[in-house]
Amino acid sequence: MAVRTPDPDPNERDEGLPDPLRGIGAPFGARGAFGPAVPNPGWLTDVELAEARRRMPILYVEAVPVRTDGMGAVTEVGILLRATPLGEMTRTIVSGRVRYGETVRDALFRHLENDLGPMAFPLLPASPTPFTIAEYFPIPGVSAFHDDRQHAVSLAFVVPVTGTCEPRQDALEVTWLSPGEAASDALAAEMEGGRGTLVRLALASVGALR
């Protein structure tokens, strides 16, 4: 199944945060090369995004949320349920693009909060290190990951969460599974874009894959 990471809301604002693009000209300034600027200049318009996807890889971050015991061993893995634009239900993980001028850590925190809610309390180190780099291609078979819209490069992380997860935006619910259930073929068949492989790689990276 093709990956369908939701695109951001072009009307979203980050009140109180500095604008790294302030004073810079087109396409992100007062008026973009393909039309008027969106309220948050860190986002592209639909036309600009389509043009960017046609010309260059897009950087993403992805997170496999987990719960751990007192010794730090993974006990549960959080898998999201999400509806595709075609109305199909699919399983996935936390995922989204990195904004211009945004650190990888800030992008991770933003997408975790967007998908899991503000009370998830993810434990992010000062300098997060990905367990792998996933390359999504529009042509099937180039790698284990596929995205029919674009060539995307994704930094993938395992992120422990300690709070209450209440999915928001495009995420309908989060299901907590044992590592064995999360690594199963049945779940992989429900996941988009080859992300079942990514979950298995995540579990292997923390010694939770048996």
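Good morning, colleagues. Please note at the outset that we are looking at a predicted model.

I begin with the overall picture. The protein has 210 residues, of which 44% count as buried. Its secondary structure consists of 5 helices and 10 strands. Among contacts with a separation of 6 or more, 67% are between residues 24 or more positions apart.

Let us turn to helix H2, which runs over residues 104-116. From its first C-alpha to its last, this helix of 13 residues reaches 18 Å, close to the 18 Å expected at 1.5 Å a residue. Which residues of H2 are buried? They are Ala107, Leu108, Arg110, His111, Leu112, Asn114, Asp115 and Leu116. In an α-helix there are 3.6 residues a turn, so residues three or four places apart point the same way. The strands against which the buried residues of H2 pack are E3 (58-68), E4 (74-83), E6 (94-97), E9 (152-160) and E10 (171-177). Just after the helix comes Gly117, with a positive phi of about 95 degrees.

My next subject is Arg195, located in helix H5, residues 195-205. Is Arg195 buried or exposed? Arg195 counts as buried, because its relative accessibility is 1%, and the cut-off for that class is under 20%. Which side chains make polar contacts with the side chain of Arg195? One is that of Ser95, at 3.2 Å; another is that of Glu192, at 2.9 Å.

I come now to the nonpolar cores. The largest contains 26 residues, and those touching the most other members are Val77, Ile79, Ile93, Ala182, Leu198, Val199 and Leu203. At least two residues of this core are supplied by each of helix H1 (46-55), E3, E4, strand E7 (132-137), E9 and H5. There is also a second, separate core of 18 residues, with Ala63, Val94, Leu108 and Val159 among its members.

Finally, consider Ile93 in some detail. Leaving aside residues up to four places away in sequence, Ile93 touches Glu62, Ala63, Val64, Ile79, Leu80, Arg82, Met191, Arg195, Leu198 and Val199.

How values were computed:
Residues numbered from 1 in each chain as written. Predicted model: local features only at pLDDT ≥ 70, side-chain atom pairs only at ≥ 80, totals over all residues. Heavy atoms only, no water. Helix = DSSP H or I, 4+ residues; strand = E, 2+ residues; numbered from the N terminus. Buried < 20%, exposed > 50% of the residue type's maximum accessible area, 1.4 Å probe, protein only. Contact = heavy atoms within 4.5 Å. Expected span 1.5 Å × (residues − 1). Polar contact = N/O pair within 3.5 Å; in protein donor to acceptor, adjacent residues only side chain to side chain. Core = buried A, V, L, I, M, F, W, Y, C linked by side-chain atoms within 4.5 Å.
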